[in-house]
Amino acid sequence: MKWFPPMAKASPSPVITMTDNAGLASYLVRLNGAQIGTITTTSYVDSGLAAATTYQYAVAALDAAGNMSPSSPSINVTTSPAGTPADTLAPSQPSNFTAAA
């Protein structure tokens with residue numbers, strides 16, 4: 001799971017609008033409403049999930065002073081069915097590969 005903090009469109013480059021006077025420190029990750037982790041990056045890998053099951057994830061930002069933002073809207077994630085074959089097919093060969101000195 002990966003997410004991007006809200007950004008405002010600006011020229012020439014975007015400006016992050018999720019700000020705080022104490023500085024953003026981490027994110028709280030929730031699974032089906034229960035906290036499952038606190039991380040400092042904008043991605044999270046979950047493991048040990050049941051096959052063919054739908055889970056709801058949400059995140060909230062925490063600042064250096066310990067204040068928490070409202071939770072993001074939940075997203076639904078459904079795991080693959082049991083017995084789904086492993087990916088054993090190699091990617092295609094890269095093309096248009098060039099070097100310049």
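**Strand S5 and its sheet**

In this predicted model, strand S5 and strand S6 (residues 75-78) are joined by 4 bridges and run antiparallel. On S5, strand S3 (residues 24-31) also pairs in the antiparallel sense, through 7 bridges. S5 itself spans residues 54-63 and is mostly covered.

Sheet layout
- An open sheet is built from 4 strands, arranged in the order S4-S3-S5-S6, with antiparallel pairing.
- Strand S4 (34-39) and S6 form the edges, each of them pairing on one side only.
- From one strand to the next, the twist averages 30°.

Pairing of S5 with S6
- Thr54 lies opposite Thr78 of S6.
- Tyr57 has Ile75 of S6 opposite to it.
- These residue pairs belong to the antiparallel contact of S5 with S6, which comprises 4 bridges.

Pairing of S5 with S3
- Tyr27 has Ala61 in S5 as its bridge partner.
- S3 and S5 are linked by 7 bridges in all, with the two strands antiparallel.

Burial of S5
- Of the 10 residues in S5, 8 are buried, and the strand is accordingly described as mostly covered.

Terms used: Residues numbered from 1 in each chain as written. Predicted model: local features only at pLDDT ≥ 70, side-chain atom pairs only at ≥ 80, totals over all residues. Heavy atoms only, no water. Buried < 20%, exposed > 50% of the residue type's maximum accessible area, 1.4 Å probe, protein only. Pairing = 2+ DSSP bridges. Axes fitted to C-alpha atoms, helices over the stretch in contact; angles between N-to-C directions.
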